[in-house]
Amino acid sequence: MAPHGETSSDHGVIEAEKIPIKTIVIIIAMQTEALPLVTKFQLSEDIDSVFPKGVPWVRYHGIYKDLNINIIWPGKDGVLGVDSVGTVSASLVTYASIQALQPDLIINAGTSGGFKAKGACIGDVFLVSGVAFHDRRIPIPVFDQYGICGKETLSTPNLLKEVNLKVGKLSTGDSLDMSPQDEAAIIANDATVKDMEGAAVAYVADLLSVPAIFIKAITDIVDGDKPTAEEFLQNLVAVTAALDQSVTEVVDFVSGKCISEL
Ligand code: ADE
């Protein structure tokens, strides 16, 4: 993706940025977060799956305004029956969705933890300006940077003028809780927002040169005094309403535009 303040040297990418956005893939890890948007955009579940036989991944699709919208939910774990959260499922569905649907834009939307020391409050919705991992520690020169995998996200100045979103960096790891080592890495990543998918989606989108944006709503304060799991579950439904409102506003803004106009 063309990061903030940089111009792509790849002419194919520059040309693609001038073509109106037609197909969007929205990656959402939890069913509770996805279903209100499925209703809002009047999407239907795929009958003939574009994904390999047997995987739990679910695609909801339909036309909204002038856009082909696809909401991709990694589905429930086949054995345990819980949402397939985390970086492994997120990378796989991002890869498979790009291969099958060739989207012009990926939106990764979800709930997340937030740092009050960096200005996050419960219910805030963030547009992510940069992503990194905080639990891939490889203390060998250069491998350390590979593990962190820090990147700026697509620059969207016009979207930010139009839609009321806070801006902050996101740090991704495969745990809901936070070890002292994770905390040090998240601080080093300068992150305001903590999730379990974003940097994995960014890695795959970048690998396949698909522009991606990240919309994250705060369900729990990571540097507060409440137990994270309890606070997350308590706020999940209410904060999802704020998340889904913001995603709708972003999709409305994207409609009729090309990447370079975002
Ligand atoms: N999703 C919601 N809250 C989170 C947290 N504290 N860490 C990671 N992912 C989250």
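pLDDT is the predictor's confidence in each residue, on a scale from 0 to 100. The structure described here is a predicted model. Its chain has a mean pLDDT of 94, and 95% of the residues reach 70 or more. The exception considered here is the stretch of residues 1-9, over which pLDDT stays under 50. For these residues the model has 19 contacts beyond four places in sequence. Where pLDDT is low, the predicted coordinates should not be read in detail. For the complex, the predictor gives an ipTM of 0.99 and a pTM of 0.94.

An unreviewed UniProt entry places the feature "domain: Nucleoside phosphorylase" at residues 23-251.

Strand 10 comprises residues 212-221, nine of the ten being buried, so the strand is largely enclosed by the rest of the structure. Strand 10 pairs with strand 5 (residues 105-114) through nine bridges, and the two run parallel. In this pairing, Asn-108 stands opposite Phe-214 of strand 10. Strand 6 (residues 125-133) is joined to strand 10 by three bridges, in an antiparallel arrangement. Here Phe-126 stands opposite Lys-216 of strand 10.

The largest nonpolar core holds 64 residues. The members that touch the most others are Ile-24, Ile-26, Ile-71, Ile-107 and Ile-215. In soluble globular proteins, nonpolar side chains tend to be buried together. With residues up to four places away in sequence left out, Ile-107 touches Ile-24, Ile-26, Ile-213, Ile-215, Val-247 and Val-250.

The ligand is surrounded by Thr-111, Ser-112, Gly-113, Leu-176, Lys-194, Asp-195, Met-196, Thr-219, Asp-220, Val-222, Thr-228 and Phe-232. At least two residues of this shell come from each of strand 5, strand 9 (193-195), strand 10 and helix 8 (228-254). Strand 5 gives the most, with three residues.

Helix 7 (residues 198-207) is mostly covered, eight of its ten residues being buried. The buried residues in helix 7 are Gly-198, Ala-199, Ala-200, Val-201, Ala-202, Tyr-203, Val-204 and Ala-205. Helix 7 is followed by Ser-209, which has a positive phi, near 55°.

Positive phi values also occur in two loops. Most residues other than glycine have a negative phi, and most peptide bonds are trans. Gln-102, in the loop between helix 3 (87-101) and strand 5, has a positive phi near 45°. Gln-102 counts as exposed because it has 12 C-beta neighbours inside 10 Å, the cut-off for an exposed residue being 12 or fewer. Cys-149 lies in the loop between helix 4 (143-148) and strand 7 (151-152), and its phi is positive as well, near 55°. With 16 other C-beta atoms within 10 Å, Cys-149 is partly exposed.

Notes. Residues are numbered from 1 along each chain as its sequence is written. This is a predicted model: local features need pLDDT of at least 70, side-chain atom pairs count only at pLDDT 80 or more; totals for chains, interfaces and linings use all residues. A nonpolar core is a set of buried Ala, Val, Leu, Ile, Met, Phe, Trp, Tyr and Cys residues joined through C-beta atoms within 7 Å. A residue is buried if 20 or more other C-beta atoms lie within 10 Å of its own, exposed if 12 or fewer, and partly exposed in between; C-beta atoms are placed from the backbone. Two residues are in contact if their C-beta atoms, placed from the backbone, lie within 7 Å. Helices (H or I, at least four residues) and strands (E, at least two) are DSSP runs, numbered from the N terminus. Two strands pair if DSSP finds at least two bridges between them. UniProt positions are given in the numbering used here, feature names are shortened, and annotations may be inferred rather than shown by experiment. A residue is near a molecule or strand if its C-beta atom, placed from the backbone, lies within 6 Å of it.
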